[in-house]
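Look at the sequence and the model first.

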Amino acid sequence: MSENKQETLTSFQSITGIDDVGEAFSHLEAADWNLVEALSRVIPHEDAPLTSPHPILLPEQPVRNPVESTNGFRPPGYDEMPGTSNASAFFAAALQNQNQNLNLNQPHIQQRFPTQLTSSINLDPASSQNNNQNVITFNIHFNQQLYQLRLPSEATVEQLKRKIFAETSVPVCRQAIRGWPPSKASDAQQLGTRLCNLDLSPENELILVDLTEDGFMDTEQDEVAQRVDKDFTIFIQFESDPPLTLSLPGRMTVQEVKMNVFDIKSIPVRHQEWTGWPNGCDNDTTLAQSGIGLSHRFAVRSTERTAPTNSNQHNAFDVVTVDSESSTDEFEDATDFNNAEYIFTDSPPAQPPNRHLIPNDTDDEISGSTQFVENYKARYGEPCPEFFVGSLENAKQLACLRSAKERKLLAIYLHHGKSILINVFCDQLMKHESIIQTFKEKFVLYGWDMTYESNKDMFLSSLTACVSSNASLTARNIKLDKLPAIMLVGKSRQLGSNCEVLSVIHGNIGLDDLLSRLIETCEMFEEQLQVEIRQEDERAARDQVKAEQDMAYQETLQADMAKDAAKRQKEAAQLAERKRMESERAEEDARRESIRLVAQQSLPQEPSEQETGTSKIRVRKPTGDFLERRFFTNNNLQDLLNFVTANGFLIEEYKLISSWPRRDLTAIESSQTLESLKLYPQETVILEER
């Protein structure tokens with residue numbers, strides 16, 4: 001890159017606040033390195049004033065580093081970037097570097113930037129309200145936190161994502177936003193879509209998903225699988241060497257990319273400082289997973305004191321195709337290897353070369369915590385405090401997320417291998433019996449090594465998620481000459497629902513002062529907990545009374561239920577008995593009716609009064625009523641018994657008695673005729689129950 005282009009890039013990043021060098025490159029390339037045109041693509045026009053996530057700083061405002069990278073890399077020209085300045089100065093410098101004799105007062109520039117540059121480009125939502133434009137509020141939910149953003153309705157989706165990036169550090173290319181109106185979901189995927197065209201309400205709830213956090217979402221996994229087989233063209237800018245263009249397969253990892261740069265430029269991997277990788281990338285991330293486009297720009301800076309001699313440099317923008325199957329075993333990255341001055345000096349160095357307790361680029365908190373405890377004990381020996389092994393979240397739960405009586409303070413020990421205080425602090429203060437006993441009784445002690453930036457960034461991110469952003473900022477601002485340090489974190493109702501930092505004890509302290517600070521913080525914390533403990537006791541007493549009342553109620557309820565059950569059981573038995581009796585009665589009635597019908601059908605025809613040889617029989621029922629019928633004298637006794645049965649009086653239940661002589665007709669032979677039994681010409685017989 002020429003010097004003018006480098007200065008243009010610097011000015012563009014300073015004015016727009018875009019940290020990603022690759023993204024800034026893409027805007028400038030699209031504008032053919034015309035700074036005014038590139039700014040017009042990023043900064044809204046007069047008809048759409050927007051809120052910028054990176055406001056342009058006035059001279060009296062503090063200027064943050066214009067380019068930072070979560071990977072700890074810085075772009076070329078970083079040290080030459082302008083310090084405190086204003087937008088017009090950056091603009092003028094950029095225009096001068098491009099040798100463009102442009103006047104900021106020219107009409108076409110005034111149309112693009114109506115506000116005077118000397119007072120900064122105003123993108124504040126308040127000014128939009130003053131211009132009678134609608135302002136839309138977005139509540140962005142991300143990582144269990146809420147970010148409230150306000151933008152004019154004329155803003156675009158791209159500008160919303162840029163502001164989200166400023167707040168969450170999630171690059172635009174990795175932002176997946178959920179919660180758009182269903183009918184406008186497809187339009188919301190277009191970066192140029194204006195917010196006013198998405199049917200949004202004045203206040204909207206959106207969910208942000210980082211596509212590379214904890215793996216890709218299901219909908220992105222197919223895209224990653226497709227990108228693995230594609231070739232990525234990466235453009236690498238060096239400080240002094242010509243640029244390099246590489247064509248690499250998507251399955252290649254970041255570590256392999258660095259190895260290829262070593263093979264071509266002879267810059268050891270440990271001395272390569274990269275800018276342009278998205279947040280969350282590590283050495284094992286593949287290009288397909290990294291979130292970069294198929295064409296992406298990087299800047300690489302060598303951190304060696306003397307630039308290496310490179311006899312294999314390629315010409316500017318030579319395209320080098322690298323085989324993804326090439327072995328990386330031929331080179332071993334000596335990350336912890338010492339500089340030559342340690343090898344060739346006559347006297348031993350003042351400090352040991354390796355003083356870290358957690359190796360660089362640790363994969364996760366648990367393995368880092370385990371290595372910290374093991375290395376701490378190996379280096380400083382016994383006795384030593386009892387450190388918690390696990391994640392910071394688990395340590396917080398053990399200390400803070402308990403009842404008020406069981407709650408402890410969380411003590412976070414921050415180690416730094418380059419601090420001159422660590423030997424005295426660890427060998428003397430941390431080994432003292434009183435300190436060890438105090439930590440054991442009153443605290444949950446968690447340790448972390450902040451020597452390497454990668455491990456420091458991991459810990460600060462975890463501290464933000466587990467405790468608060470203020471705690472993370474406090475830890476970040478502790479200077480090296482104050483490390484090691486101990487952060488005391490606690491939770492009580494007076495502090496709110498979240499944990500907060502109660503005290504920070506720096507390493508430049510004596511034994512008595514350290515013990516005094518620990519005890520004072522404990523006493524203050526316990527005093528704050530007294531109200532909560534009293535409330536818990538009162539609540540426990542109320543719960544006990546309520547439990548006893550509930551128990552008595554349950555006993556009464558069980559007794560009532562038992563009574564009801566017995567009553568229902570008795571009623572069910574009675575009902576079953578009634579049904580049985582009714583069934584038997586019905587069967588009996590059916591049987592009786594069957595017998596009656598058979599008897600009725602067996603009766604001979606009744607003779608008339610004029611016929612001779614007849615007998616008139618009268619049967620007196622138990623009720624006193626009479627049954628009467630005529631029979632032929634030659635009819636047998638069975639016909640008379642059938643007549644009685646046909647009228648409902650079964651012979652098995654009743655006896656038929658003749659009046660004179662008195663005899664039981666049902667007990668004699670039923671085949672005898674009425675004539676032989678002297679039951680003619682008329683006779684009265686009596687029915688008696690057996």
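Thr233 has Ser247 in S6 as its bridge partner. Strand S5 (residues 231–238) pairs with S6 in the antiparallel sense, over six bridges; two strands pair if DSSP finds at least two bridges between them. A hairpin of five residues joins S5 to S6. Strands (E, at least two residues) and helices (H or I, at least four) are DSSP runs, numbered from the N terminus.

This is a predicted model: local features need pLDDT of at least 70 and side-chain atom pairs pLDDT 80 or more, while totals for chains, interfaces and linings use all residues. Residues are numbered from 1 along each chain as its sequence is written, and side-chain values use heavy atoms, without hydrogens and water.

## Burial of S6

Strand S6 (residues 244–249) is largely enclosed by the rest of the structure, because six of its six residues are buried. Buried means under 20% relative accessible area, exposed over 50%, and partly exposed in between (1.4 Å probe, protein chains only).

In a regular strand the side chains alternate between the two faces of the sheet. In S6, Leu244, Leu246 and Leu248 point one way, and Thr245, Ser247 and Pro249 the other way.

## A five-stranded sheet

Five strands form an open sheet with mixed pairing, in the order S15-S14-S18-S16-S17. Strand S15 (626–632) and strand S17 (663–664) are the edge strands, each pairing on one side only.

Strand S16 (residues 654–658) and strand S18 (residues 682–689) pair in the antiparallel sense over five bridges. Opposite Tyr654 stands Glu689 in S18.
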